[in-house]
Amino acid sequence: MAATTSSSAKVNSAPTIATAASNVAQSTSPMLVRLHPVAIAGICDAYERRKEKATRVVGTLMGKVEGDVVEVTNCFAVPHEEGAQTPLRLDTDFAQSMMELTKRGSPQEEVVGWFSTRPNVPETSFYIHDFYVRFSNPNIIHLTVDCTAEVDRMPIKAYVCSPLGVPPAPRDPKDPSPPRFDQASLFAQVPVEIFCWDAERVGLDLITAGRLAPDRVVNIPTDADQVLQTAKLIDDMLESVLSYVDKVLVRARL
C-alpha cells in the first residue's frame, strides 16, 4: 500500500520499517549528504510556523546530485496531517505544484529528498518516502532534523531507503517504475556534513555577530571594512606562526 497522488493521501497502516546505524550504512552506501545553511533555516522556520497540535513538519528537499554526493541547497514545507487517531494525509498536489515552481525559478535544482522535524523514523515515513520515489527518483534521501531544542546541538541525520523482502512477480518489461518490495523497508543512515558557499558564510557571520550584540543590530561591513578584517586575520596568523618558529629555535639552541 502506498500514498496516492490525490490532494489528501490517506494511510491507515504501514509495513515494517527498520533503521540502521551509520557504520552499517557507510559500508553499504558511499553516499554523502551536504546540507547548506539555507535549507536548515528553512526547516527551522517551517517548524516554528507549524500548526498548534502538529507533531512534526515534513517537506521537500531541493538541490543537486554529483556522483555519490547529494547537495541540499533549498527546501519547502508540504501540508500534512497525522496522529494517533488520524490517518496520514499528505497534500501531494501542493507538493507537485511547488516542485514545478521551484524548478522554474532554479532550473539547476531538482528534488533530492524530503525532510521531517521528528528525530526518529515512524512507520508513516514509508508512505511519504514512497510518494517522493514515485514522483522524483528512487535514490532520494530522508533527512531528520530535531528542532525541539531539547539538547545543546541540533541532531541531523540522513537516510536512504532500501526495500526488503521477497522480489515481486515478473512485470511488463516496458514498465519504467522500479520494482517494489511491500514486505519491509530499511532506512540506512548516511553521513551528513554542513557545507556553505562564501556568500552563505558572510550571512552566517552576520547572524553570529547579531546574536552576540546587545541590541541584536549589526551593520553590514563595507568593502574597506572587509579588507581590514582580512588583513587583521592574516596578521594574527603570521604572529602565531612567528611565535611558534621562535619557540622551536629556542629549543634547538638548548
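The model is predicted, so local features need pLDDT of at least 70 and side-chain atom pairs count only at pLDDT 80 or more, while totals for chains, interfaces and linings use all residues. Residues are numbered from 1 along each chain as its sequence is written, and side-chain values use heavy atoms, with hydrogens and water left out.

Start with the whole protein. It has 6 helices and 12 strands. These are DSSP runs, numbered from the N terminus: helices are H or I with at least four residues, strands are E with at least two. Of the 254 residues, 33% count as buried. Buried means under 20% relative accessible area, exposed means over 50%, and partly exposed lies in between (1.4 Å probe, protein chains only). Now look at contacts, meaning heavy atoms within 4.5 Å. Among contacts between residues at least 6 apart in sequence, 70% join residues at least 24 apart.

Next comes the inside. In soluble globular proteins, nonpolar side chains tend to be buried together. A nonpolar core is a set of buried Ala, Val, Leu, Ile, Met, Phe, Trp, Tyr and Cys residues joined through side-chain atoms within 4.5 Å. The largest one here has 23 residues. Ile43, Leu61, Val72, Phe115, Ile141 and Leu143 have the most contacts inside it. The elements that give it two or more residues include helix H2 (37–48), strand E5 (69–78) and strand E8 (110–116). H2 gives the largest share, 5 residues. A second, separate core has 17 residues, among them Val58, Leu88, Ala95 and Ile140.

Leaving out residues up to four places away in sequence, Leu61 touches Ile43, Val72, Phe115, Ile141 and Leu143, among others. Compare Val65, in strand E4 (residues 58–66). Val65 is partly exposed, with a relative accessible area of 42%. Beyond its neighbours within four places, Val65 is in contact with Val70, Glu110 and Val112. Val65 and Val112 are 47 residues apart in sequence, but their C-alpha atoms are 7.4 Å apart in space.

Now find helix H4. It is mostly covered, with 9 of its 11 residues buried. His129 lies in this helix. His129 is buried, at 3% relative accessible area. Not counting residues up to four places away, His129 touches Trp114, Ile140, Ile141, His142, Cys161 and Phe187.

A pair of aromatic rings is described by the distance of the centres and the angle of the planes. Rings of Phe, Tyr and Trp (its six-membered ring) pair if their centres lie within 6.5 Å; planes under 30 degrees apart count as stacked, over 60 as edge-to-face, and the rest as tilted. The whole structure holds 5 such pairs. In one of them, Phe131 and Phe135 have ring centres 5.0 Å apart and planes at 45°, so the pair is tilted. An α-helix has 3.6 residues a turn, so residues three or four places apart point the same way. Phe131 and Phe135 are 4 residues apart in H4 (residues 125–135), which puts about one helical turn between them. Phe131 is buried, at 0% relative accessible area. Phe135 is partly exposed, at 32%.

What angle do the ring planes of Tyr159 and Phe187 make? Their planes lie at 85° and their centres 6.5 Å apart, so this pair is edge-to-face. It links distant parts of the chain: Tyr159 is in strand E10 and Phe187 in strand E11, 28 residues apart. Tyr159 and Phe187 are both buried. Elsewhere, ring pairs link Trp114, Phe131, Tyr132 and Phe135 into a cluster.

Rings can meet charges too. A charge sits over a ring if NZ of Lys or CZ of Arg is within 6 Å of the ring centre and within 35 degrees of the ring normal. The charged end of Arg34 sits over the ring of Phe195, 5.1 Å from its centre. The charged end of Arg50 sits over the ring of Tyr47, 3.9 Å from its centre.

Arg50 also brings us to a pocket. On a 1 Å grid over the protein atoms alone, a pocket is an open set of points where a 1.4 Å probe fits, with protein on both sides within 12 Å along at least five of seven lines; lining residues have an atom within 4 Å of a point. The second largest pocket has 18 lining residues, and Arg50, Lys51, Ala54, Arg56 and His80 are the closest to its centre. E5 and strand E6 (80–81) each supply at least two residues of this lining.
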